[in-house]
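Biologist: I am new to this structure. Please take one part and walk me through it closely, with the salt bridges as the place to begin.

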Amino acid sequence: GVMLSLTRSEFDLLDILSAHPGRVYTRQQIIARIQREEKDVTDRTVDTLMVGLRRKLGEWAGHVETIRGIGYRITP
């Protein structure tokens, strides 16, 4: 019930992860889904978006997991 102010890319990232809780998404899969023609998205961009998203999620940030060497997932 709390309103979050997310960038479009942060929203897209959260949407991707929350669509299938528990599924691990590689950075490349995330890049392919949030890439826009006007913007170059790299592995580092995904990591930076994740930091910002976790900061904004506050206490819910613990549900977003980093799977070392693979990517990210959200847990229920």
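Modeller: Aspartate 47 is buried, with a relative accessible area of 18%. The cut-off for buried is under 20%. This is a predicted model. Aspartate 47 has a charged partner. Its side chain meets that of arginine 27 in a salt bridge, at 2.8 Å from N to O. Arginine 27 lies in helix α2, residues 27-34, and aspartate 47 lies in helix α3, so the pair ties together parts that are 20 residues apart in sequence. Arginine 27 also counts as buried, at 19% relative accessibility.

How many salt bridges does the structure hold? There are three. Side chains of opposite charge can pair when their charged atoms come close.

Take the pair of glutamate 10 and lysine 56. Their closest N and O atoms are 2.7 Å apart. Is glutamate 10 buried or exposed? Glutamate 10 counts as buried, at 6% relative accessibility. Lysine 56 is partly exposed, at 34%.

Arginine 73 is partly exposed, with a relative accessible area of 26%. Glutamate 65 is partly exposed too, with a relative accessible area of 26%.

Now look at the strands themselves. Strand β2 covers residues 64-67 and is joined to β3 by four bridges, in the antiparallel sense. Valine 64 has isoleucine 74 as its bridge partner in β3. Threonine 66 has tyrosine 72. Between β2 and β3 the hairpin has three residues, and glycine 69 takes a positive phi near 80 degrees.

Which residue in β3 is the bridge partner of tyrosine 25? Tyrosine 72 is. The strands concerned are β1, residues 25-26, and β3, residues 71-74, which pair over two bridges in the antiparallel sense. Strands of a sheet pair through backbone hydrogen bonds, either parallel or antiparallel.

The three form an open sheet in the order β1-β3-β2, with antiparallel pairing. The edge strands are β1 and β2, and each pairs on one side only. Helix α1, residues 8-19, packs on this sheet and touches β1, β2 and β3. The direction of helix α1 makes about 70 degrees with that of β3.

Step back to the whole chain. It has three helices and three strands. Along the sequence they follow the pattern α-β-α-α-β-β. The radius of gyration is 12 Å, close to the 11 Å that the globule rule gives for 76 residues, so the chain is as compact as a globular protein of that length. Along its principal axes, the C-alpha trace spans about 35 × 25 × 20 Å.

How much of the chain is buried? Of the 76 residues, 36% count as buried. Glutamate 10, arginine 27 and aspartate 47 are among the buried residues. The chain exposes about 5100 Å², and carbon and sulfur atoms supply 53% of that area. Contacts also reach along the sequence. Among contacts between residues at least 6 apart, 53% join residues at least 24 apart.

Notes:
Residues numbered from 1 in each chain as written. Heavy atoms only, no water. Pairing = 2+ DSSP bridges. Contact = heavy atoms within 4.5 Å. Axes fitted to C-alpha atoms, helices over the stretch in contact; angles between N-to-C directions. Rg over C-alpha atoms; globule rule 2.2 N^0.38 Å. Buried < 20%, exposed > 50% of the residue type's maximum accessible area, 1.4 Å probe, protein only. Areas by Shrake-Rupley, 256 points an atom, 1.4 Å probe, with all protein chains shown as cover. Salt bridge = Lys/Arg side-chain N within 4 Å of Asp/Glu carboxyl O.
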